[in-house]
Amino acid sequence: MNKTDQEFEQLYHANYDQVMRLCLGYVSGDEDMAKDLVQEVFVKVWNSLSEFRNDSHVSTWIYRIAVNTCLMGLRKKKPYALKMEMESDTTIEDEGSAEHKEMQFKEMYRCINTLSATNKAIILMELEGLAQKEIAAVMGMNHTAIRTRIHRIKTQLSKCVHHG
């Protein structure tokens, strides 16, 4: 295994879970579609790794590739990506139950799917725990704009979750 192979393997293992969660958010939890997108992301990383200039942290660069790949994937399969799944006939017996939490999770993803592609990318990275400065670098925006936008997105999501 040469140095590039080892470097790629380390990047793959260090970033796979975060890229997978980001892609899952874009495709409404469709694991097969998310895996296809993740594979495409890491093929692009492999093909461009030698051109990476270290202008940003490598994870920021990989997130940028992931966001662009997911957006392109959504454009290709837009009707599928906009599918919303809600089980309206589910009875909730205990508000603290796993079923209730699952319903809240689905409702949150339903609301996230109503956001613009840019806002969706921003909030998915925020939920992933990326620093706002890193999100700003990925999105090509300044930190203040990202902070303001995240606040607005959270307000919008809160209204959506509580009022449908």
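**Entry 1. Helix H8**

I looked up which residues of H8 are buried, and found Ile146, Ile150, Ile153, Leu157 and Cys160. Buried here means under 20% relative accessible area, exposed over 50%, and partly exposed in between, with a 1.4 Å probe and protein chains only. The model is a predicted one, in which local features need pLDDT of at least 70 and side-chain atom pairs count only at pLDDT 80 or more, while totals for chains, interfaces and linings use all residues. Residues are numbered from 1 along each chain as its sequence is written, and side-chain values use heavy atoms, with hydrogens and water left out.

An α-helix has 3.6 residues a turn, so residues three or four places apart point the same way. On the other side of H8, I noted His151, Arg152, Lys159, His162 and His163 as exposed.

I then checked the length of H8. The helix runs over residues 143–163, has 21 residues and reaches 30 Å from its first C-alpha to its last, close to the 30 Å expected at 1.5 Å a residue. The expected span is 1.5 Å times one less than the number of residues. Helices (H or I, at least four residues) and strands (E, at least two) are DSSP runs, numbered from the N terminus.

What covers the buried residues of H8? The cover includes helix H5 (98–112), helix H6 (117–128) and helix H7 (132–139). Contact is defined as heavy atoms within 4.5 Å.

At the start of H8, I found a side-chain oxygen of Asn142 within 3.0 Å of the backbone nitrogen of Thr144. A polar contact is a pair of N or O atoms within 3.5 Å; within protein, one must be able to donate a hydrogen and the other to accept it, and residues adjacent in sequence count only if both atoms are side-chain atoms.

Asn119 lies in helix H6 and is buried, with a relative accessible area of 15%. Not counting residues up to four places away in sequence, Asn119 touches Arg149 and Ile153. I also found a polar contact of 3.1 Å between the side chains of Asn119 and Arg149.

In helix H5 I looked at Met108, which counts as partly exposed at 31% relative accessibility. Leaving aside neighbours within four places in sequence, Met108 is in contact with Leu157 and Val161. Met108 and Val161 are 53 residues apart in sequence and 6.2 Å apart in space, C-alpha to C-alpha.

In H7, I recorded Glu134, Ile135, Ala136, Val138 and Met139 as buried. Their cover includes H3, H6 and H8. Just after H7, Gly140 takes a positive phi of about 70°.

Which residues touch the most other members of the largest nonpolar core? Of its 45 residues, they are Tyr26, Val67, Met125 and Met139. Helix H1 (3–26), H2, helix H3 (58–76), H5, H6, H7 and H8 each supply at least two residues of this core. The largest share, 10 residues, comes from H3. Such a core is a set of buried Ala, Val, Leu, Ile, Met, Phe, Trp, Tyr and Cys residues joined through side-chain atoms within 4.5 Å. Not counting residues up to four places away in sequence, Met139 touches Arg64, Val67, Thr118, Ala121, Ile122, Met125 and Ile146.

**Entry 2. Loop between H2 and H3**

Asn54 is in the loop between H2 and H3 and counts as exposed at 61% relative accessibility. Its phi is near 60°, a positive value in a residue other than glycine. Asp55 is in the loop between H2 and H3 and counts as exposed at 60%. A polar contact of 3.0 Å joins the side chains of Asp55 and Arg53.

**Entry 3. Whole chain and confidence**

I counted 8 helices and 0 strands in the protein. Buried residues make up 39% of the 164 residues.

The protein averages a pLDDT of 83, and 86% of the residues score at least 70; pLDDT is the predictor's confidence in each residue, from 0 to 100. Confidence is lowest in helix H4 (residues 78–81), at a mean of 43, and highest in helix H2 (residues 31–48), at 94. Over residues 78–94 the pLDDT is below 50, and beyond near neighbours in sequence this stretch has 16 contacts in the model. Where pLDDT is low, the predicted coordinates should not be read in detail.
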